Amino acid sequence: MLFNKDNFKSIKNGNLTHIPNFTPIEETIDFNLLAELYDEYRPVSKILPKRFYPDEILSSPFLLKNIHEHPFFNVYFNFFNKQFKPSDNIVSELDIFFSFASGAGGVHADREDIHIVGLKGKTIYRCWEKNNINEYTISQGDYIFIPKGTKHSSITVTPRMIMSHSIFN
């Protein structure tokens, strides 16, 4: 995982930060991994309701919550907590969002800081920064930090999977 001094300072200052090629991902990341993860750890799983298509369930985005017990994901969970979680009293989560089909999510602003790492496929994040709308492409190994309160939306370009670390402070 590669943060240079400027990246780290940018994140600590609460600025949206995009880092292509943040981490090499040597683990095979595919939908078989999701099945194994679900079978072994039974995380809370959801179909995201704002884009739920009853007649085309596989066109909906999915969420697996709190997947940090799995050894591969635990490394990232511990890393982000050590670098950015201000105290043990603050709640953090590591989730996976995945989609089998392209689509666009609604514009929203989260109440938590979010560290996103691309695991598979391609996702574009459209972010509203001051008076500009900027787009960031996240592919496998890429990273984006989206500070709480930043309006953004995701556009799934290909079947995709992202890891999302949230810090609720």
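Me: This is a predicted model. Which residues touch the most other members of the largest nonpolar core?

Reply: That core has 30 residues, and the ones touching the most other members are Phe-3, Phe-22, Phe-73, Phe-80, Ile-96, Leu-119 and Tyr-143. Among the elements that give it two or more residues are helix H2 (31-41), helix H3 (71-84) and strand E4 (91-99). H3 supplies the largest share, seven residues.

Me: What makes something a "touch" for Ile-96?

Reply: Heavy atoms have to lie within 4.5 Å. Leaving out residues up to four places away in sequence, Ile-96 touches Leu-34, Leu-37, Phe-62, Leu-63, Leu-64, Ile-67, Phe-73, Met-161 and Ile-162.

Me: Why are nonpolar side chains found together like this?

Reply: In soluble globular proteins, they tend to be buried together.

Me: Which residues of H2 are called buried?

Reply: Leu-33, Leu-34 and Leu-37. The word is used because a buried residue has under 20% relative accessible area.

Me: How do you know that the buried residues line one face of H2?

Reply: Look down the helix axis: they fall within an arc of 100°, so they line one face. They pack against E3, H3, E4 and E12. On the face turned away sit the exposed residues Asn-32, Glu-36 and Asp-39.

Me: What makes Asp-30 a cap for H2?

Reply: One of its side-chain oxygens is 3.0 Å from the backbone nitrogen of Asn-32, at the N-terminal end of H2. The cut-off for a polar contact is 3.5 Å, so a pair at 3.0 Å is within it.

Key. Residues numbered from 1 in each chain as written. Predicted model: local features only at pLDDT ≥ 70, side-chain atom pairs only at ≥ 80, totals over all residues. Heavy atoms only, no water. Core = buried A, V, L, I, M, F, W, Y, C linked by side-chain atoms within 4.5 Å. Buried < 20%, exposed > 50% of the residue type's maximum accessible area, 1.4 Å probe, protein only. Helix = DSSP H or I, 4+ residues; strand = E, 2+ residues; numbered from the N terminus. Arc of directions from axis to C-beta. Polar contact = N/O pair within 3.5 Å; in protein donor to acceptor, adjacent residues only side chain to side chain.
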